[in-house]
Amino acid sequence: MKTIYLDNAATTRVLQTAADAMLEYARGKYYNPSAGYRAALEVRHDIADAAGVIASVIGADPHEIVFTSCATESNNHVFSCGVKNKKGNVVISAVEHASVYESAMRLKSKGADVRIVDPDPNGRVTAEKVAAAVDENTAFVSVIHCSNETGVINDIAVISSAVKAIAPKAVIHSDGVQAFCKIPVNVKALGVDLYSMSAHKVGGMKGTGALYIRNGFNMQPFIAGGGQQDGRRSGTENVCGIMSFAAAAAAYRNAARSFDANALRNIFVERFGSGELSRINGGSPNSGYIVSISFRGLKGEIIAHEMDDRGIMIGLGSACSTHIRSNRVLGSMGVPKEFAEGSVRISFSPRTTEDDARTAADALDEITKDLRQRTGR
Ligand code: PLP
């Protein structure tokens, strides 16, 4: 059976160039980058070049990039910049990925004042709402750049300047995992201090992430130890992961330039966006790489299962939350429960063809109509 993979927001197939890089540093240049001989020094330089590639995608300097084990690590760690000794408050949006949301909840359980900003009905976090939650004691603000549930893009530049006008010392973080390599990003223009990224969403390997840390920003080390990555995150670097991340990012960004994700998204918007039985969650501006569709009275799990029976792999929401499904994100957008429970997430990569998208839309149409007939819903 031919399969169609439409769960690229969960993970992507490793690109050939990234697999080649991984193998090169696993078998050929396998040296510890902290060692003193020439071959090791070369690897150290290669890591610096890899940081340069990641930095160039987001308009940063190479030494502003720290490699981590995943974006979940990056997102957890930034909360160390949050309130200390219960001083100050933290502001996040309700549409954050679980790795941000749960980190904030951990602070809250320790007594911190955590404020949660709901998006508008289109899934967008507005500067007005963020500003209303911020005051002069705000220590840390985190707003996702591109939603992993709906693909909606938040205007981080406007949000960060609204925050700075009220709380000039507030630290501003954005989770850029679903924006990185897909939409133009310039961290300086966004006005953020910290920006998270992940390799496996752009054709790199799972288990490698990065955090942009603005030049001059004083951040406590992630992990204490041998002083790797300028003492910011100790531990022998994951050279294979880092080198394949850079190779993937360069290739993915190039491919993304000639890929019209919104044209594929629109196939689903036109098919399921109007009418009483289905709706599209999240509006514009949108990366186009993700489409969230809800079917009234049906169950997302059953729809996804039937799609899988036809060889079409789709998601339910963020992969991490598949088993502990809460409708936090859709609920915060005001999506009614009878729709939210029937939600699926379809997500593309530059490898996705129009044919794949049309085949999936046809299957989704048939499956949901058939389910309605069988269940009388
Ligand atoms: N942030 C967002 C927006 C994501 O979509 C994901 C992955 O689903 C993560 C963070 C976590 O990334 P990682 O798998 O690298 O920990």
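These legends go with a set of close-up views of the structure above.

Everything here comes from a predicted model, where local features need pLDDT of at least 70 and side-chain atom pairs count only at pLDDT 80 or more, while totals for chains, interfaces and linings use all residues. Residues are numbered from 1 along each chain as its sequence is written, and side-chain values use heavy atoms, with hydrogens and water left out.

**View 1. Strand 3 and strand 4 run side by side in parallel.** A quick word on the labels: helices (H or I, at least four residues) and strands (E, at least two) are DSSP runs, numbered from the N terminus. Strand 3 covers residues 89–93 and is joined to strand 4 by five bridges; two strands count as paired if DSSP finds at least two bridges between them. Look for Asn89, which stands opposite Asp113 in strand 4. To get from strand 3 to strand 4, the chain passes through helix 4 (residues 98–109), making a right-handed β-α-β crossover. "Right-handed" here means that, with the strands pointing away from the viewer, the path from the first strand over the helix to the second runs clockwise.

**View 2. Arg115 and Asp135 meet in a salt bridge.** That term stands for a side-chain nitrogen of Lys or Arg within 4 Å of a carboxyl oxygen of Asp or Glu. In this pair, the closest N and O atoms are 3.0 Å apart. Arg115 sits in strand 4 (residues 113–117) and Asp135 in the loop between helix 5 and strand 5, so the bridge ties together parts that are 20 residues apart in sequence. How open are the two partners? Buried means under 20% relative accessible area, exposed over 50%, and partly exposed in between (1.4 Å probe, protein chains only). Arg115 is partly exposed at 23%, and Asp135 is partly exposed too, at 21%.

**View 3. Helix 6 has a buried face.** In this helix (residues 156–166), the buried residues are Ile156, Ile159, Ser160 and Val163. Seen down the axis of helix 6, they fall within an arc of 95°, so they line one face of the helix. (The arc is taken from the directions that run from the helix axis to the C-beta atoms.) What do these buried residues pack against? Their neighbours are helix 5 (127–133), strand 5 (138–142), strand 6 and helix 7, with contact meaning heavy atoms within 4.5 Å.

**View 4. Cys181 has a positive phi without being a glycine.** Its phi is near 75°. You'll find Cys181 in the loop between strand 6 (171–175) and helix 7 (187–190). Is Cys181 buried or exposed? With a relative accessible area of 3%, Cys181 is buried.

**View 5. Gln229 also shows a positive phi in a residue other than glycine.** Here phi is near 50°. Gln229 belongs to the loop between strand 8 (209–213) and helix 8 (239–257). At 14% relative accessibility, Gln229 counts as buried.

**View 6. Three strands make an open antiparallel sheet in the order 9-10-12.** Strand 9 and strand 12 (343–347) stand at the edges with a single partner strand each, so one side of each has no neighbour in the sheet. On average, neighbouring strands are turned by 25° against each other, direction ignored. For that angle, axes are lines fitted to C-alpha atoms (for helices, over the stretch in contact), and angles run from 0 to 180 degrees between N-to-C directions. Strand 10 and strand 12 pair over five bridges in the antiparallel sense; among the residues to look for, Ser294 has Ser343 in strand 12 as its bridge partner.

**View 7. A cis peptide bond joins Ser284 and Pro285.** Omega is about -10° for this bond. Pro285 lies in the loop between strand 9 (278–281) and strand 10 (290–295).

**View 8. Lys337 and Glu341 pair up through their side chains.** The distance in this salt bridge is 3.2 Å, N to O. Lys337 is exposed at 59% relative accessibility, whereas Glu341 is partly exposed at 26%.

View 9. Arg374 is exposed at 52%, and Asp370 is partly exposed at 32%. Elsewhere, salt bridges with shared partners join Glu24, Lys29, Glu42 and Asp46 into one network. How many salt bridges turn up in a search of the whole structure? The search finds 21.

Key:
Arc of directions from axis to C-beta.
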